[in-house]
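Student: Here is a model to work through. Let us take it piece by piece.

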Amino acid sequence: MNPAFSVLLISDALSPTNTIYEGLKNSGASAIHTCAATESFLQVLDSVQVDLIVLDVDKPSVDLFEQFTVVQEFCPKPIVCFSNDSDSKVIEKSVKAGVAAYIVDGKSEERIKPIIDVAILRFNQCQAVKKELAQVKDKLSERAVIEKAKGLLIEHKNMTENDAYKTLRKMAMDQGKKISVVAHEVCGVLIGLEGISS
């Protein structure tokens, strides 16, 4: 965690947040924005930039989990939830919604920093894995389109597989494009020709 970070603290009337507020300040929070659990915190996120979301509620609602899902899809943030609800189904829903740490009965001030540190490390690790998976998918997709373009060149131009690849590579170099982009264009042209001739 950076020495200074900003937090959105969401709480309900049943969960006094003084301990968490003080714990966040002592952990290095430079700004703590507060929001009631009954409000749409997505609107608050539109107007403030935060590094962490902390939820302090007696029992998290389905609506909160739905909002967390939106956050994780469009502007992922580490989320820590302090709750009195130890129902395993609620905990499972919170994890699916992107909560990095779900803490039951653990609001002592000295525990806040290690909980936040672990949640942020876990969040960063998950984000790194997601990025890596996305890169692998992109590479597989690029490879698939190159193979398809080679196949079409072999079929339409009577080339060998080696010649087809060399042709794609030369076109990419000549045009200053990635080979996968050229392969995609070649597929579009040759498939279009197939459509015309059929």
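Student: How many bridges pair strand 1 with strand 2, and in what sense?
Tutor: This is a predicted model. Strand 1 covers residues 5-11. Its pairing with strand 2 is parallel, and the bridges number seven.

Student: Which residue of strand 2 is the bridge partner of Ile10?
Tutor: Look across from Ile10 into strand 2. The bridge partner there is Cys35.

Student: In what order do the five strands of the open sheet lie?
Tutor: The pairing in this open sheet is parallel. Its edges are strand 2 (29-36) and strand 5, each of which pairs on one side only. Neighbouring strands are turned against each other by 20° on average, direction ignored. The order is 2-1-3-4-5.

Student: What angle does the direction of helix 3 make with that of strand 3?
Tutor: Helix 3 packs on the sheet. It touches strand 1, strand 3 (52-57) and strand 4. Its direction and that of strand 3 make an angle of about 175°.

Student: Which residues form the aromatic pair, and what kind of pair is it?
Tutor: A search of the whole structure finds one aromatic pair. The centres are 5.3 Å apart and the planes make 45°. Planes under 30 degrees apart would count as stacked, and over 60 as edge-to-face. The pair is Phe41 and Phe68, and it is tilted.

Student: How many residues apart in sequence are the parts that this pair ties together?
Tutor: Phe41 lies in helix 2 (residues 41-47), and Phe68 lies in helix 3 (residues 62-74). The pair therefore ties together parts whose separation in sequence is 27 residues.

Student: Is Phe68 buried or exposed?
Tutor: Buried means under 20% relative accessible area. Phe41 has 0% relative accessibility, so Phe41 counts as buried. Phe68 has a relative accessible area of 0%, so Phe68 is also buried.

Student: At what angle do helix 5 and helix 6 pack?
Tutor: Helix 5 spans residues 109-157 and helix 6 spans residues 161-175. Helix 5 passes helix 6 in a right-handed crossing. The contact includes Leu153 of helix 5 and Tyr165 of helix 6. The axes are 9 Å apart, and the angle is about 115°.

Technical notes
Residues numbered from 1 in each chain as written. Predicted model: local features only at pLDDT ≥ 70, side-chain atom pairs only at ≥ 80, totals over all residues. Heavy atoms only, no water. Phe/Tyr/Trp six-rings, centres within 6.5 Å; stacked < 30°, edge-to-face > 60°. Helix = DSSP H or I, 4+ residues; strand = E, 2+ residues; numbered from the N terminus. Buried < 20%, exposed > 50% of the residue type's maximum accessible area, 1.4 Å probe, protein only. Axes fitted to C-alpha atoms, helices over the stretch in contact; angles between N-to-C directions. Left-handed = near helix turned anticlockwise from the far one by under 90°. Contact = heavy atoms within 4.5 Å. Pairing = 2+ DSSP bridges.
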